[in-house]
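I opened this notebook to record what I looked up in one model, entry by entry. Each entry keeps to what can be checked against the coordinates.

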Amino acid sequence: MGGVVNMIWTWQMVQPASFNKETKETTPGKLEKKQIPVPQLQPGEVLVEVAGCGVCHTDLGYFYDGVPTVSKPPLTLGHEISGIVVAGDQAWIGKEVIVPAVMPCRKCILCKTGRGNRCLDQKMPGNSLASYGGFSSHIPVPAVDLCEVKNRGNIPLSHLAVVADAATTPYQAAKRADLQPGDNVVVIGITGGVGQYMGQMAKALGAKTVVGIARNQEKLNRALKFGADVVINSTDKDAGAISKEFRGICKERGLPATGWKLFEVSGSKPGQEIALGLLSFTGKLIVVGFTMAKTEYSIGRLMAFDAEIIGTWGCLPEYYPIVLDMVLSKKINIEEFVEVRPMSSIAETFAGAHKSPPMKRIVLTPDF
Ligand SMILES: [Zn+2]
Ligand SMILES: [Zn+2]
């Protein structure tokens with residue numbers, strides 16, 4: 001924190017990757033190191049010096065898969081941010097904070113009725129917060145949404161970046177599911193960046209049973225140490241085969257066949273098919289992962305099952321301190337799931353993570 005900050009160093013996405021359907025040519029995306037001025041901070045705004053910013057599947061979607069950003073390039077990606085306040089509102093200066101991935105407007109009907117996580121006027125760093133994102137030295141943000149970090153013990157501030165998205169989305173999903181102690185839960189895609197926290201979150205909130213489903217055996221084994229009671233490897237199995245295996249587990253463990261809460265976190269068609277196959281009497285399916293793919297289902301079954309399918313998006317900033325507490329009290333482990341790299345490795349890190357999902361969430365730390 002050496003004096004007044006005049007400039008922000010940042011890795012801007014000047015151009016996302018694009019695919020030309022006619023020529024079948026892929027133009028690779030471009031990241032460029034830039035210096036931009038610190039904007040005039042508005043009342044209620046602060047400047048955060050970034051400690052770390054997590055690389056999320058969503059960033060890769062923007063960069064590689066043609067998912068459009070609200071602010072058009074050039075913009076800086078990155079929405080999983082922790083840091084320290086260095087300018088703006090005096091009351092915040094010097095405080096360590098987590099910047100929520102989704103910051104509601106607090107004025108609209110959704111915000112006023114407790115649904116601010118899906119506010120249509122929300123701001124998301126690395127997408128709709130002007131051109132600002134977390135893969136930078138600093139970022140200007142509204143102070144009202146910040147989650148203050150206190151007593152973080154030996155957990156580095158950079159690691160806590162994952163609380164901004166990967167660890168909080170599952171909390172909102174659990175709320176949507178009305179998850180109660182004693183509930184039986186399935187997490188489809190339990191090995192993913194968000195999925196592994198979904199398993200841990202369900203357990204931390206008192207789930208009796210957590211069944212994890214995914215394909216990577218090494219990561220499934222890890223899930224057994226962090227939240228999952230039993231896992232199913234779905235490699236080369238269709239939804240029918242998974243349902244059969246699941247029923248076998250229920251029988252073996254004396255678990256009911258009804259009332260399961262299913263979290264689909266894989267954001268894939270096969271994952272959705274597995275989830276729909278498992279949805280049964282009085283069950284709930286919570287859709288946490290996103291895919292453009294269309295999945296077929298006889299909606300009439302919901303009537304027969306007295307069941308529900310529910311979507312969930314982001315997490316209310318109000319819930320962040322609760323999740324941070326769970327992380328700091330080690331009810332939720334992040335240390336086993338975080339890898340820190342210098343921000344200058346952003347291009348290789350994106351390419352590597354795009355090619356195959358990493359074992360751990362990669363958090364980039366500024367080294368401009
Ligand atoms: Zn994300
Ligand atoms: Zn709003």
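In which order do the strands of the open six-stranded sheet follow one another, and is their pairing parallel or antiparallel? I read the order as β13-β12-β11-β14-β15-β16, with parallel pairing.

Before going on, I note that this is a predicted model, in which local features need pLDDT of at least 70 and side-chain atom pairs count only at pLDDT 80 or more, while totals for chains, interfaces and linings use all residues. Residues are numbered from 1 along each chain as its sequence is written, chains are lettered from A and ligands numbered from 1 in the order in which they are written, and side-chain values use heavy atoms, with hydrogens and water left out.

I looked up the edge strands and found β13 (230-233) and β16 (308-311), each of which pairs on one side only. Helices (H or I, at least four residues) and strands (E, at least two) are DSSP runs numbered from the N terminus, and two strands pair if DSSP finds at least two bridges between them. I then followed β15 (residues 284-287), which is joined to β16 by four bridges in parallel, with V287 having G311 as its bridge partner in β16.

Entry on the helices against this sheet. Helix α5 (residues 217-225) lies across β12 (209-214) and β13 and runs at about 170° to β13; contact here means heavy atoms within 4.5 Å. Helix α7 (residues 269-278) lies across β11 (184-188), β12, β14 (261-264), β15 and β16, and I noted its angle to β14 as about 170°. For such angles, axes are lines fitted to C-alpha atoms, for helices over the stretch in contact, and the values run from 0 to 180 degrees between N-to-C directions.

Entry on the three-stranded sheet. I found an open sheet in the order β4-β1-β6, with antiparallel pairing. In it β4 (30-37) and β6 are the edges with a single partner strand each, so one side of each is left without a neighbour in the sheet. Strand β1 (residues 7-15) pairs with β6 over two bridges, and Q12 stands opposite T76 of β6.

Entry on the zinc ion. Which residues coordinate the zinc ion (ligand 1)? I found C56 (SG), H79 (NE2) and D165 (OD), at 1.7 to 2.2 Å. C56 lies in the loop between β5 (45-54) and α1 (57-64), and D165 in the loop between β10 (147-148) and α3 (169-176), so this pair ties together parts that are 109 residues apart in sequence. Donors are N, O and S atoms within 2.8 Å of the metal (3.2 Å for Na, K and Ca), and because water is not among the atoms, sites may look incomplete.

Entry on the backbone. I checked the peptide bond between P73 and P74 and found it cis, with omega about 0°; P74 lies in the loop between α1 and β6 (75-76). R106, in the loop between β8 (96-99) and α2 (109-112), has a phi near 65°, a positive value in a residue other than glycine.
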